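Let's take a friendly walk through this protein, from its strands and sheets to its nonpolar cores. Keep the structure view open as you read.

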Amino acid sequence: LGLALYASSLCAVSGATFLYHDYCVIGAGPAGLQAAYFLQQAGRDYIVFERSHAPGSFFALYPRHRKLISINKRYTGKSNSEFNLRHDWNSLLSHDRRLLFRRYSRDFFPNADTMVRYLEDFASLLKLRVQYNTAIIHVTLEKNEQAWNGHYFLLTDQDRKNYKCSCLLVAAGTWVPNVVNFPGSEYVEGYETVSINPEDFTGQTVLILGRGNSAFETAENILGVTNFIHMVSRSRVRLSWATHYVGDLRAINNGLLDTYQLKSLDGLLEGDLEDLAIVKDKKGKLHITLRFYLENRNISAGIDSITLPQDELDNFATRAPYDRVIRCLGWKFDFSIYNRSLRMMPGKGNIKKYPQIKPSYESKGTQGLFVLGTASHSVDFRKSAGGFIHGFRYTTRAVHRLLENRHHGVPWPSTVYPITQLTNSIIKRVNEASGLYQMFSVLADIILLRDNATAFEYLEEYPIGVLAELEMQTGRKACNGLFVIIMEYGRNFSGADKDVFYYNRAVGEAQHAWQSNFLHPVIYYYKHLPTEREMRLRPPDWPLPLPNAIHHIVEDFLTDWTAPNAHILPLRRFLENCLSTDLRNFFAESCFLFAFTHQKLPPSCQQGYIGMQGLVGSQELRQHAVQAGLLQDYTHTDFSAGRPPDSHDGSQQQLMRDHGIPVRPLQHLVNAKDE
């Protein structure tokens with residue numbers, strides 16, 4: 001039957017005309033607009049389809065009570081725009097400084113209407129190509145060897161207009177409400193339609209199904225007017241400050257926890273919702289019972305003929321009847337518009353609400369189909385921030401860079417530096433990079449070493465799930481070893497049952513950096529690029545395979561990893577051990593001495609002093625070095641050659657005499673070099 005339907009769909013579109021674009025983007029929410037921005041900046045042929053009359057239609061309705069839980073920290077004490085994005089969870093990435101969310105709202109937790117206005121401005125000011133009032137209702141494939149991926153994507157909208165594209169970017173989010181069916185579920189009100197006027201709940205007793213932010217947001221709205229609120233869910237409450245996952249319960253919504261634990265009638269219960277049943281009595285009250293009590297019984301016969309749990313257990317927790325039952329179970333991805341030929345399958349277990357995708361965000365079933373935004377969260381569900389704006393704005397950019405290399409031959413952006421800048425480059429990035437900070441354990445900076453470790457190539461924010469494919473995905477070569485820089489929490493610090501406020505929870509000494517609990521930089525060193533097998537066999541809870549060497553930069557209370565002794569010195573020594581070289585910077589006098597006492601010069605001398613690079617010496621600079629203990633003071637020495645005390649040549653000769661090196665005239669040194 002499936003083959004017949006597929007064949008019939010092909011026949012139906014075979015005679016239709018198609019409007020072609022290289023890239024089709026479904027959805028003009030934050031992820032869709034972010035993808036459109038990068039495509040437009042690269043000069044690509046693309047179109048964005050949006051079913052509503054404006055972008056961000058999800059935020060026009062949700063959250064129902066209009067307060068976002070994404071923070072808008074307008075002040076950080078710093079002017080570094082990249083650093084400030086670490087604490088701006090709403091802005092999309094662009095070159096236009098007007099499109100920073102702090103210019104739209106002063107609220108720490110902004111109103112959702114402000115997000116709608118922001119997205120409208122983002123699309124209009126950047127002149128993104130969005131086609132509104134276009135609902136894509138069917139997507140299928142057309143095999144073609146000339147296409148980028150061996151097939152075209154054929155899209156049909158509600159008006160039966162047809163479109164064709166070589167690459168499909170799905171940014172439609174998760175918007176289909178999760179519904180649990182059980183006897184009496186027809187009496188349940190959905191989060192998407194329930195009243196948000198607290199006065200409608202005055203003096204009522206309410207049961208809420210669910211335990212996420214939408215459930216607690218609903219409870220918070222009516223907490224002061226109800227008799228009491230009970231909340232039932234399959235799992236225990238997960239507090240975001242304990243799990244370090246922003247999708248778990250946030251403090252702004254957890255008032256019900258206070259009233260529960262302080263015994264003010266409200267309460268939380270655990271139970272499988274599919275085992276429940278609801279029976280309505282003649283007064284309109286809703287009674288909670290269990291499904292097995294209703295087996296072989298006729299519910300329509302009335303509540304008097306049904307056995308309730310309290311009939312056998314008189315202190316049954318939910319024996320009091322409820323006036324209303326509200327479902328707040330979140331959302332799932334809409335799979336209905338995708339033909340079976342695309343093999344868009346749901347995930348398994350707790351990620352079944354998302355489509356199956358690879359760590360590169362490409363569909364497991366169809367090459368050339370990428371999932372962006374909230375729907376791509378299966379890659380890092382309950383691990384990082386990929387399901388939220390402050391996370392997927394970076395993963396969307398990563399997908400764009402992968403596509404640029406694959407289809408247009410544009411390698412992943414990189415910068416080449418001399419090896420002397422290795423420590424500085426890492427310190428700079430871990431102190432300001434927002435992508436590493438927000439997408440911890442998912443995106444990483446990659447340092448590719450050049451021949452003889454004299455230089456390195458720096459790639460920013462690459463998905464570590466496809467590290468084994470780095471050369472193919474980026475167009476860069478990793479032949480001489482590499483460093484991988486990521487941010488991590490402590491291995492045993494996060495969890496629903498963890499006490500994250502225990503005494504001595506922080507580590508302050510560099511020698512104990514590997515025991516750091518809070519978010520901190522970790523540097524992995526590999527002599528060779530890890531293989532796919534090594535990636536599969538990595539230890540549990542490790543983001544990467546076991547490296548040849550690993551270094552933790554000790555956690556910092558200010559997230560400022562610039563302390564010379566605690567942060568920079570241990571990092572530099574780790575890098576030196578991995579490269580078997582000296583990464584210190586030296587004054588010219590020291591380099592001159594090394595040239596006569598060592599077979600191999602440090603890189604800073606080789607690339608600086610020998611290459612005629614560096615600062616021009618002066619009396620003030622030399623005096624500063626003496627006062628800092630970096631150089632000996634030769635200014636009061638009796639120079640036998642009769643040169644003035646500040647003579648550079650005289651100080652070099654005296655330096656050689658102090659170390660027992662015979663001093664020969666400069667002309668002799670030149671002749672010896674020529675010989």
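Two strands count as paired if DSSP finds at least two bridges between them. Please keep in mind that this is a predicted model.

Strand 1, helix 2 (residues 30–41) and strand 2 together make a right-handed β-α-β unit. Strand 2 (residues 46–49) has buried residues pointing both ways: Tyr46 and Val48 to one side, Ile47 and Phe49 to the other. Strand 2 also pairs with strand 3 (residues 130–131), again in the parallel sense, over two bridges, and here phenylalanine 49 stands opposite glutamine 131.

Next comes an open sheet of five strands, paired in parallel in the order 8-14-9-10-11. Strand 8 (189–190) and strand 11 (267–270) are its edges, each pairing on one side only. Helix 6 (residues 213–222) packs on this sheet, where it touches strand 9, strand 10, strand 11 and strand 14.

A further open sheet has six strands in the order 17-19-18-20-21-22, with antiparallel pairing. Strand 17 (414–418) and strand 22 (549–552) each have a single partner strand, so one side of each is left without a neighbour in the sheet. On average, neighbouring strands here are turned by 20° against each other, direction ignored. Strand 20 (residues 482–488) and strand 21 (residues 520–526) are joined by seven bridges, and methionine 487 stands opposite proline 521.

| Helix 6 (residues 213–222) | strand 10 | about 175° |

Finally, where does the largest nonpolar core lie? This core has 67 residues, and Leu155 and Leu168 have the most contacts inside it. Domain 1 (19–176 + 332–403) and domain 3 (414–579) both contribute residues, so the core lies between them. Leaving aside neighbours within four places in sequence, leucine 155 is in contact with residues including Cys24, Ile26, Phe49, Ile136, Val139 and Leu168. A second, separate core of 28 residues includes Ile427, Ala433, Tyr437 and Ile447. In soluble globular proteins, nonpolar side chains tend to be buried together.

Definitions and conventions: Residues numbered from 1 in each chain as written. Predicted model: local features only at pLDDT ≥ 70, side-chain atom pairs only at ≥ 80, totals over all residues. Heavy atoms only, no water. Core = buried A, V, L, I, M, F, W, Y, C linked by side-chain atoms within 4.5 Å. Buried < 20%, exposed > 50% of the residue type's maximum accessible area, 1.4 Å probe, protein only. Domains from an automatic or database assignment. Contact = heavy atoms within 4.5 Å. Helix = DSSP H or I, 4+ residues; strand = E, 2+ residues; numbered from the N terminus. Right-handed = clockwise from strand over helix to strand, strands pointing away. Axes fitted to C-alpha atoms, helices over the stretch in contact; angles between N-to-C directions.
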